[in-house]
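Me: I have just opened this structure and would like a friendly tour. Could you take my questions one by one?

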Amino acid sequence: MKTYRTHLMVCAGTGCVSCGSLNLKDHLESELKNRGLSDEVKVVITGCNGFCAEGPIMVVYPEGIFYKKLTPEDVPFLVEEHFLKGRPVEKFLYTGPAVKEKVPLLKDIPFFQHQVLRALRNRGLIDAENIDEYIARDGYAALSKVLSSMTPEEVIHEVKISGLRGRGGAGFPTGLKWEEGRRYDAFPKYIICNGDEGDPGAFMDRSVLEADPHSVLEGMTIGGYALDAHQGHIYVRAEYPLAIHRLNIAIEQAKNYGLLGKDIFGSGFDFDISIYPGAGAFVCGESTALMYSLEGKRGMPRIKPPRSTEAGLWGQPTVLNNVETFANVPAILLNGGEWFASLGTGGSKGTKVFALTGTVSNVGLIEVPMGTTLRTIVYDIGGGIPEKREFKAVQIGGPSGACLPTSLLDIEVDFDSLDEAGAMMGSGGLVVMNDSTCMVDTARFFTDFSVDESCGKCVPCRVGMKVMLNILNRIVEGKGEMEDIERLKRLGQHIKETSHCGLGKTAPNPVLSTIRYFRNEYEAHIQDKQCPALVCVDLIQFRVNPEKCKMCGLCKKACPMEAITWEKKTPADINIEKCIRCRSCIQACKFGAIE
Amino acid sequence: MAKLTIEDLKRIKEEVRSTTVLREGGFRAKINIHMGTCGIAAGARKLMSVVLKEIEEKKINDVMVTTSGCAGLCSREPMATVEILGNPPVKYCDLNEERMKEIFAQHVLKGEIVEAYALARGSETTY
């Protein structure tokens, strides 16, 4: 093993790759070679670093210097200055949204400071395609401990102590599920990893699979031992080619080392894992639908009981857990359940990974202890709302979740408190919305999504959601009636109570939560025929405020419909007949003169 | 590749960790080779190779190697600064490969300052 003085960790998560990080890596390597530094400085490709907004990202060790938004053109200068002459290049360093000072070190950047990495313990620190680097960070140590010194019952006991709950959304206690699965004496048994991440704005599972695939494989193998299962399946979306690529590499490497296959560590325990790319139906994230899909059938949920732990895949006892759940397992077995339970709240232990997106300064992948407040997530980690706008709501849990308003910013995020607020953890998508978001339109968006993705098996979800969508469409078109609000509430409640699977049971949540917290917006749409956030095109008319207009003419240039009349030294004017409300003029106006 | 035993796993861990540990922080000592134009011209690169080779051969994993620009004393290059954490850094000047090796053995590993080549205590700030 060769020693280098410096490691350049280039982020190659999907976010940074799409910003050109692989190209950056090639340029770095060739420039280092030109400068004769190839023997001293090593370039390492890592999984998602988390700070996707600043990509492509590179972290320089041993100093821990964080560079952002690097381009191939920056490489020659950077290599000469930093790696040849030892002077970190200030212009590529991070600056916060509030302060102008440069923050050179990753550990000092607020985005990272408030995070606690457990499921993502190896993110940005290892080459995801190199099993040795995973092993160097205690990889497979938990598996060796389990296979050499623990009984399956002890493993399950440890997971129960940890209080780990399913990270896929519903939060079922993992230890309990494993115990159930172990109880049945029917063989073969199966273990499934659910990587069918479908919520809009969510990319936690993808990032775990890309950054640290072995942690998932190790967690599944430990689960297999606990259940006496010998075959694992990973169901992962086909839209995640990089995750699938890295999983394939990881499985291949684990097999070569005998960490998958027959007689692992000479213990007599056999375990294998295969990958199944799913075609991307939202409903296939539901466990029973996923299993049908794995069997080659149409992905539709079935009535429970029997639970999957009794009769799941091919009618055999099956335990299904989420990607992040499995990624937590090795750390629990290595450090003990008590260690895991030392973080978190009463009913929710450990940490949770969130995909923080929307109108927030620091978009990215974060991991925080359970019980962290929304305020910490949005303001301390997320860096607040950019462009001097106001926070309005945070959408948590995707189409099954809810929009939480400013008054709930101090809610401690865990399974139970979210449930109380009419939301749910979901898999961990967190979409921040500012005051230019219309909550009725947002509810309509998620309802539209649920209508599209409904599998159609049961009436409440298939028909009920469609009716809800029609009502919402009516409201945003300005044709709503006041009774519509009660209608939506009543119908939503029925759908929740009578739907077949978790999807339908939660699909009305976006509508119900926005009515609960933003009822005034519904009323404004219905009574005043106005959209307070100026989003719903049928309810808004743009006009120029002559007092604010500086007569610059930028709006006229921006208008694609030639609806704006303007001449030098006169305020502009909008022809309402021609205006298609595309907002181009609002974006073009530097003085906020268009209302 | 043959099946891994638990011992193999531990061996791989130790081997690889010695090369990746620099990502984790927790250093005992820091060697800063001054790599301004003057330093490079005077042969700082060779010092760097010596240090890296020593670290590799002796499987040392708690020493951090960095570079910095010109220290302002171009006539005494090549120079290096050695800092045992918790102690003030020591600047060495007029170095060559042999002297660097000696400093590595005495100061970095044993904590004894090699006064013969030492210039001063203290250092310019680097990250």
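Here are some questions and answers on confidence, domains and the contact between the chains.

Me: Which helix of chain A has the highest mean pLDDT among its elements?

Reply: Good place to start, since this is a predicted model. Chain A averages a pLDDT of 92, and 99% of the residues score at least 70. Among the elements of chain A, the lowest mean, 85, belongs to helix α23 (residues 584–588), while the highest, 97, belongs to helix α10 (residues 213–227).

Me: How many Å separate the centres of domain 2 and domain 3 of chain A?

Reply: In the domain assignment of chain A, domain 2 covers 131–341 and domain 3 covers 351–434. Taken over C-alpha atoms, the separation of their centres is 27 Å.

Me: Which helix gives the most to the side of domain 2 of chain A that touches domain 3 of chain A?

Reply: The contact takes 18 residues from domain 3 of chain A and 16 residues from domain 2 of chain A. On the domain 2 side, six are polar, six charged and four nonpolar. With three residues, the helix that gives the most to that side is α9 (residues 204–211) of chain A.

Me: Which element of chain B supplies the largest share of the side that touches chain A?

Reply: Contacts with 32 residues of chain A are made by 32 residues of chain B. By class, that side of chain B has 15 nonpolar, eleven polar and six charged residues. The largest share, ten residues, comes from α1(B).

Key. Residues are numbered from 1 along each chain as its sequence is written. Chains are lettered from A and ligands numbered from 1 in the order in which they are written. This is a predicted model: local features need pLDDT of at least 70, side-chain atom pairs count only at pLDDT 80 or more; totals for chains, interfaces and linings use all residues. Two residues are in contact if their C-beta atoms, placed from the backbone, lie within 7 Å. Helices (H or I, at least four residues) and strands (E, at least two) are DSSP runs, numbered from the N terminus. Ala, Val, Leu, Ile, Met, Phe, Trp, Tyr, Cys and Pro count as nonpolar, Asp, Glu, Lys and Arg as charged, and the others, Gly among them, as polar. Domain bounds come from an automatic or database domain assignment. pLDDT is the predictor's confidence in each residue, from 0 to 100.
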